[in-house]
Structure formats: C-alpha cells, structure tokens
Amino acid sequence: MTAILISYARCSTDKQDMEANRQILHELGVPVDQIYLDRAYSGTNRARPGPDHALAAVRAGDTLVVPKLDRLARSDAEARDIGDTLTARQLTCC
C-alpha cells in the first residue's frame, strides 16, 4: 500500500479563509480528496467531525499534515493525546 498525505484544517469563524487552508495543503502535496475541513468550530465546541474523519483515514506509513498545530489541537493535552494516538498507530504528523 502506498503512503499518502492526509490533512485537517479548521476555521474557527466564518471570517477566516478556508480557501487559504486548502491552498496551503494543496501546495504541500495533499490530494484534494484527502483534505478534511471544519468551519466555525470554536475552541469550546468539542464535537468536530473533521479531525475524527482525518484520523480515521490515516493508515500506517501515511502522514497527517496540518497547516498549523492549533488548527488540529486546541490544547497541549489534546495535542499530546493526538500525538500518542498517531504514534501508537505508527503514523507521522507534520
């Protein structure tokens, strides 16, 4: 199985530019169909479908790409949990 790039990005408000996130990820080589996005999910909203879908799509050898770490995790503890999950599944994140 060929390793692929999978990505996740979030815009917390309608004023943030979702297209800018798409463009950054596309320039990093992430295929359009492997970009998972959420719009208007603030730091207080814990139920975000995008990261769940992105993490479910990542397989061993794949790389999870995020434009900024704060777009994936909203706290140090959440970032640690995601990192531990990726490590346990032999995945990388950049």
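Trainee: Which backbone oxygen does the side chain of R59 reach?
Mentor: The side chain of R59 reaches the backbone oxygen of A56, at 2.7 Å. A polar contact here is a pair of N or O atoms within 3.5 Å; within protein, one must be able to donate a hydrogen and the other to accept it, and residues adjacent in sequence count only if both atoms are side-chain atoms. Please keep in mind that this is a predicted model, in which local features need pLDDT of at least 70 and side-chain atom pairs count only at pLDDT 80 or more, whereas totals for chains, interfaces and linings use all residues. Residues are numbered from 1 along each chain as its sequence is written, and side-chain values use heavy atoms, with hydrogens and water left out.

Trainee: Where is R59, and what does it touch beyond its sequence neighbours?
Mentor: R59 lies in the loop between helix 2 and strand 3. Helices (H or I, at least four residues) and strands (E, at least two) are DSSP runs, numbered from the N terminus. Setting aside neighbours within four places in sequence, R59 is in contact (heavy atoms within 4.5 Å) with R89 and L91.

Trainee: Is R59 buried, exposed or partly exposed?
Mentor: R59 counts as partly exposed because its relative accessibility is 43%. Buried means under 20% relative accessible area, exposed over 50%, and partly exposed in between, with a 1.4 Å probe and protein chains only.

Trainee: And D62, buried or exposed?
Mentor: D62 counts as buried, because its relative accessibility is 4%. D62 is also placed in the loop between helix 2 and strand 3.

Trainee: Which backbone nitrogens does its side chain approach?
Mentor: The side chain of D62 reaches the backbone nitrogen of R59 at 2.8 Å. A polar atom of that side chain also lies 2.9 Å from the backbone nitrogen of I4.

Trainee: Changing topic: what is the overall layout?
Mentor: From the N terminus, the elements run β-α-β-α-β-α-α-β, which comes to four helices and four strands. The chain has 94 residues, of which 35% count as buried. Among contacts with a separation of 6 or more, 70% join residues 24 or more positions apart.

Trainee: Which residues form the largest nonpolar core?
Mentor: There are twelve: I6, Y8, A54, L55, V58, L64, V66, L72, A73, I82, L86 and L91. The elements giving two or more residues to this core are strand 1 (5-11), helix 2 (49-57) and helix 4 (76-88). A nonpolar core is a set of buried Ala, Val, Leu, Ile, Met, Phe, Trp, Tyr and Cys residues joined through side-chain atoms within 4.5 Å. A second, separate core has five residues, including A9, L25, V30 and V65.

Trainee: What does L55 touch?
Mentor: Not counting residues up to four places away in sequence, L55 touches L64, I82, L86 and R89.

Trainee: Which residues of helix 2 are buried, and how are they arranged?
Mentor: They are G50, P51, A54 and L55. Seen down the helix axis, these buried residues fall within an arc of 120°, so they line one face of helix 2. The arc is that of the directions from the helix axis to the C-beta atoms. Their cover includes strand 1, strand 2 (35-39), strand 3 (63-65), helix 3 (69-72) and helix 4.

Trainee: What are the contacts of P51?
Mentor: P51 touches Y8, D38 and L72, not counting residues up to four places away in sequence. P51 counts as buried because its relative accessibility is 6%.

Trainee: Which residues of helix 4 are buried, and which are exposed on the other face?
Mentor: E78, I82 and L86 are buried. They cover an arc of only 70° around the axis, which puts them on the same side of helix 4. The face turned away from the buried side carries the exposed residues D76, R80, D84, T87 and A88.

Trainee: Why would such a spacing place residues together?
Mentor: An α-helix has 3.6 residues a turn, so residues three or four places apart point the same way.

Trainee: What follows helix 4?
Mentor: Helix 4 is followed by Q90, whose phi is positive, near 60°.
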